[in-house]
Amino acid sequence: MTEENTHERKYQFETEEKALCFHGPLIYEAKILDRQWMDSNPDFQGPYYFVHYKGWKRTWDEWVPETRVLRWTEANLQMQQNLKDYIHGKKRPRSDSSNAEKDEDYLNRPELVELPRTPTITNLLEQYRKYKLDRKGSSGTEDLLSEIIDGVKEYFNKALGTILLYRFERHQYANIRKQYPKKE
């Protein structure tokens, strides 16, 4: 390794360091368990950290890019609290209790997406098939591509109602399946 490459590979965080880490739109307490410089895949370049989120099961431990990790500082802790307040909608006192109850009910009720959606998974996979065939132009891979796309579609249809949807969405999905039993 050249001196230039060594100079470029500077980590901002140490292993075992207490930090804050973005997970979705929120920031959580985390501990850096490991670190690694990624350079073999063009989609994953630079320093990555294997983090454990405090109070979470180890199954949530994950590799994250350095851009998602923050120092444990008062300013970042305040940003964590501000994001949490913003996302969860800080409750404000109201003079009219019936309006306050309606607002609280609205904030706590999960929002369901209108179904069926467009484009469907079938539409998306067909667009992907067309893109790949136009891009490659090779008829030798068409059968393999069809088999892969059919497998993804089958997996999606089996997994949607059991693991891909949130619990509050599954009832809506079951009702839609009853209304459209032949649809994919």
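This is a predicted model: local features need pLDDT of at least 70, side-chain atom pairs count only at pLDDT 80 or more; totals for chains, interfaces and linings use all residues.
Five strands form an open sheet in the order β4-β3-β2-β1-β5. The pairing is antiparallel. β4 (62-65) and β5 stand at the edges, and each has a single partner strand. One side of each edge strand is therefore left without a neighbour in the sheet. In general, strands of a sheet pair through backbone hydrogen bonds, either parallel or antiparallel.

β1 spans residues 18-23. Strand β2 covers residues 26-41. The two strands are joined by six bridges and pair in the antiparallel sense. Alanine 19 has alanine 30 of β2 as its bridge partner. Leucine 20 is partnered by glutamate 29, again in β2. β1 and β2 form a hairpin, with two residues between the strands. Glycine 24 lies in this turn and has a positive phi of about 70°.

On its other pairing, β1 meets strand β5 (residues 69-70). Two bridges link β1 and β5, and the sense is antiparallel. Here cysteine 21 stands opposite valine 69 of β5.

β2 also pairs with β3. Nine bridges join these two strands, which run antiparallel. Tryptophan 37 has proline 47 in β3 as its bridge partner. β2 and β3 form a hairpin as well, with two residues between them. Strand β3 comprises residues 44-53. Seven of its ten residues are buried, so β3 is largely enclosed by the rest of the structure. Burial here means a relative accessible area under 20%. β3 then pairs with β4 through four bridges, and these strands run antiparallel. Valine 51 stands opposite glutamate 62 of β4 in this pairing.

A helix packs over part of the sheet. Helix α2 (residues 74-88) lies across β1, β2 and β5. Helix α2 runs at about 105° to β2.

Glutamate 16 is found between α1 (3-8) and β1 (18-23). Glutamate 16 has a positive phi of about 70°, although it is not a glycine. At 49% relative accessibility, glutamate 16 counts as partly exposed, because the exposed class begins over 50%. The side chain of glutamate 16 forms a salt bridge with that of lysine 31, at 2.9 Å from N to O. Lysine 31 lies in strand β2 and glutamate 16 in the loop between α1 and β1, so the pair ties together parts that are 15 residues apart in sequence. Lysine 31 is also partly exposed, with a relative accessible area of 36%.

The structure holds ten salt bridges. Two further examples lie within helices. In helix α4 (residues 121-136), arginine 129 and glutamate 126 are three residues apart. That spacing amounts to about one helical turn. Their side chains meet in a salt bridge of 3.0 Å, N to O. Arginine 129 is buried, at a relative accessible area of 15%. Glutamate 126 is partly exposed, at 34%.

Helix α5 (residues 142-164) contains the other example, formed by lysine 158 and glutamate 154. These residues are four apart, and about one helical turn separates them. The salt bridge between their side chains has an N to O distance of 3.8 Å. This lies within the 4 Å limit that defines a salt bridge, so the pair is counted. Lysine 158 is exposed, with a relative accessible area of 59%. Glutamate 154 is partly exposed, with 45%.

The surface also carries a nonpolar patch. Leu144, Ile148 and Val152 form this patch, and together they have about 270 Å² of accessible area. Valine 152 lies in helix α5. Valine 152 is partly exposed, with a relative accessible area of 40%.

Note on methods: Residues are numbered from 1 along each chain as its sequence is written. Side-chain values use heavy atoms; hydrogens and water are left out. Buried means under 20% relative accessible area, exposed over 50%, partly exposed in between (1.4 Å probe, protein chains only). Two strands pair if DSSP finds at least two bridges between them. Contact means heavy atoms within 4.5 Å. Axes are lines fitted to C-alpha atoms, for helices over the stretch in contact, and angles run from 0 to 180 degrees between N-to-C directions. Patches are made of residues with over 30% relative accessible area and no salt bridge: like charges are joined within 9 Å, nonpolar side chains (Val, Leu, Ile, Met, Phe, Trp, Tyr) within 5 Å. Accessible areas come from the Shrake-Rupley method with a 1.4 Å probe; for residues, only the protein chains shown count as cover.
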